[in-house]
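This briefing goes through the fold of one protein chain, topic by topic. Please keep the sequence and the 3D view open while reading.

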Amino acid sequence: MAFPHRPDAPELPDFSMLKRLARDQLIYLLEQLPGKKDLFIEADLMSPLDRIANVSILKQHEVDKLYKVENKPALSSNEQLCFLVRPRIKNMRYIANLVNADKLAGRTRKYKVIFSPQKFYACEMVLEEEGIYGDVSCDEWAFSLLPLDVDLLSMELPEFFRDYFLEGDQRWTNTVAQALHLLSTLYGSFLNCYGVGRCARMSYELWRKLEEEEDSETKGRKPEIGHIFLLDRDMDFVTALCSQVVYEGLVDDTFRIKCGSVDFGPEVTSSDKSLKVLLNTEDKVFNEIRNEHFSNVFGFLSQKARNLQAQYDRRRGMDIKQMKNFVSQELKGLKQEHRLLSLHIGACESIMKKKTKQDFQELIKTEHALLEGFNIRESTNYIEEHIDRQVSPIESLRLMCLLSITENGLIPKDYRSLKTQYLQSYGPEHLLTFSNLRRAGLLTEQAPGDTLTAVESKVSKLVTDKAAGKITDAFSSLAKRSNFRAISKKLNLIPRVDGEYDLKVPRDMAYVFSGAYVPLSCRIIEQVLERRSWQGLDEVVRLLNCSEFAFTDMTKEDKTSSESLRLILVVFLGGCTFSEISALRFLGKEKGYRFIFLTTAITNSARLMEAMSEVKV
């Protein structure tokens, strides 16, 4: 069931080095504050830190107590305080309040602030304004590459999406450039680079500058990775908005996979306790089902259970020597497999219960109709019913966005009607969210005379022009029109299927959406790899509104091994879904490639909508 790679598929680089580097750097920073110290950690850094350096490692380096950075007074009595935080203004205010409270009480301590992954000038300004800049020492923990699995690296920066694609804040592009620079230093320079999107272009240019500054160091290294793709999330919102149906995607949609692990509650563990489970290649059961369509998973798990039982039953006819061998060599592995098997069966049952309750089949049918452009009126009615029944504010928003992008914006009458119903159903406090969605091009209204493609392309060029700056929202949303239907036709994203689509033996990447749709991001990668350039894809690039931001940087390939040319790094700027990862793993299996994924964070439709929402739901 797990995709077996062709025997000639290239080996993956060893990313454990990244963990060691991050751990060593953190230890070095902690030791700059010699003696006992208390460590204050920001909540969203706790999970990544746990993957790099657990509590016992911190204790070895004289960390006495651990505290969470939260809005309440610190009770620490230690003489040295260390803060491990993201570069955010609110964190600076928190630290300033603490230091100033100590000053008022006439207490002197040592304070150290470690910013991760980098320090921003604005943070230092706040410390200066608050009058404590001279009291604290500042450092950077340049930790921006967390290996979640053998082929998956995450920067764990979920805020990247909102900061860049909504606020236009470009500060994280430098972090991306630094991460790429570190990878090329460790694993050799990348031979061919392809990018699509404004953020991709910016990150690429910053990275090339870093490479030029330190070119001599990496010149001699043999390149391990042949191709690198840089993709902006806003180039393909549709894939991220669709419900996931591969097992790993469904687990993420249902339970939220956080930093490579998931908390399974009592409904899955069949006990009164929750259990944190690491989901990666080491979990043999999970590894075989993670990329499978959900409809195949139950059959596989029940077959696995029967095989396991048969292995247990072998004990019956054993003599003492055989029994001794069985206990010492096999029993532990069987027990571990049995535990994992029952967990994944529990997870499947829990997913089934939840999906039956919300009539998942009907939802998928509506999504497929939107992707294909059929029964738009029926789909709109379905969304209205969803809103009226107050099913879930996030789900309703997601469906409205999917309708908007697949239809190149909603007709004004539908836009006003759906927006009014939504605000009446879920509350007027969601009004700002609609403004955000429009600015990001996720939920737009068709302008009158929207068929003027010549005008549209001129405006589009104006808006994407670097010198243009911010033009009005109306122009901006016009430039961000999705052109989904035209792109879908050009790239054959909706496969024509004669008869039933066989999900057990998939024929193409569309299986990740039950055979209804090939993820646009993955199709573009497939097409560019076939051509080794954007040649012949000019029309697609134009429709993506990326004419100036699709680029190729080729290097001479004659000196490199064919193995490295089949190893491909895909960088998702603004988040990547498990469906896209599964689709590209399938493509790799088919074509003899191996894909490595680097993403600013793992995303799904709910996370996308939450990032745009002004209301915490």
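Helices here are DSSP runs of H or I with at least four residues, strands are runs of E with at least two, and both are numbered from the N terminus. On that basis the protein chain has 28 helices and 14 strands. The model is a predicted one.

**Whole chain**

- The protein chain has 617 residues, and 56% of them count as buried.
- Among contacts in the protein chain with a separation of 6 or more, 78% are between residues 24 or more positions apart.

- Five strands form an open sheet in the order 2-1-3-4-5, and the pairing is parallel.
- Its edges are strand 2 (63-68) and strand 5 (136-140), each of which pairs on one side only.
- On average, neighbouring strands of this sheet are turned by 20 degrees against each other, direction ignored.
- Five bridges link strand 4 and strand 5 in the parallel sense.
- F115 stands opposite E140, a residue of strand 5.
- Helix 1 (residues 16-31) lies across strand 1 (37-41), strand 2, strand 3 (80-85), strand 4 and strand 5, and runs at about 170 degrees to strand 5.
- Helix 4 (residues 89-104) also packs on the sheet, where it touches strand 1, strand 2, strand 3, strand 4 and strand 5. The direction of helix 4 makes about 170 degrees with that of strand 3.

- Strand 6 and strand 7 (residues 152-154) run antiparallel and are joined by three bridges.
- P147 has L153, in strand 7, as its bridge partner.

**Helix 17 with helix 19**

- The axes of helix 17 (residues 376-388) and helix 19 (residues 412-426) come within 9 Å and cross at roughly 20 degrees.
- Angles under 35 degrees count as roughly parallel, and helix 17 and helix 19 are therefore roughly parallel to each other.
- The crossing of helix 17 past helix 19 is left-handed.
- Helix 17 contributes R377, T380, I383, E384, H386, I387 and D388 to the contact, while helix 19 contributes D414, S417, L418, Q421, Y422, S425 and Y426.
- By type, the residues of this contact between helix 17 and helix 19 are five nonpolar, five polar and four charged.

**Helix 18 with helix 20**

- Helix 18 (residues 393-406) and helix 20 (residues 431-439) have axes that come within 12 Å and cross at roughly 30 degrees.
- This angle makes helix 18 roughly parallel to helix 20.
- Helix 18 passes helix 20 in a crossing that is right-handed.
- On the helix 18 side, L397, M400 and C401 meet T433, F434 and L437 of helix 20.
- The contact of helix 18 with helix 20 consists of five nonpolar residues, one polar residue and no charged residues.

**Backbone points to check**

- Most residues other than glycine have a negative phi, and most peptide bonds are trans.
- The peptide bond between S116 and P117 is cis, with omega about 0 degrees. P117 sits in the loop between strand 4 (110-115) and helix 5 (121-129).
- S270 is not a glycine, yet it has a positive phi of about 55 degrees. The loop that holds S270 runs between helix 12 (266-269) and strand 11 (275-278).
- Is S270 buried or exposed? S270 counts as exposed because its relative accessibility is 69%, and exposed means over 50%.
- S514 likewise has a positive phi of about 55 degrees although it is not a glycine. S514 is in the loop between helix 23 (484-491) and helix 24.
- With a relative accessible area of 23%, S514 is partly exposed.

Definitions and conventions
Residues numbered from 1 in each chain as written. Predicted model: local features only at pLDDT ≥ 70, side-chain atom pairs only at ≥ 80, totals over all residues. Heavy atoms only, no water. Axes fitted to C-alpha atoms, helices over the stretch in contact; angles between N-to-C directions. Parallel < 35°, antiparallel > 145°, perpendicular 65-115°, else oblique. Left-handed = near helix turned anticlockwise from the far one by under 90°. Contact = heavy atoms within 4.5 Å. Nonpolar A, V, L, I, M, F, W, Y, C, P; charged D, E, K, R; others polar. Pairing = 2+ DSSP bridges. Buried < 20%, exposed > 50% of the residue type's maximum accessible area, 1.4 Å probe, protein only.
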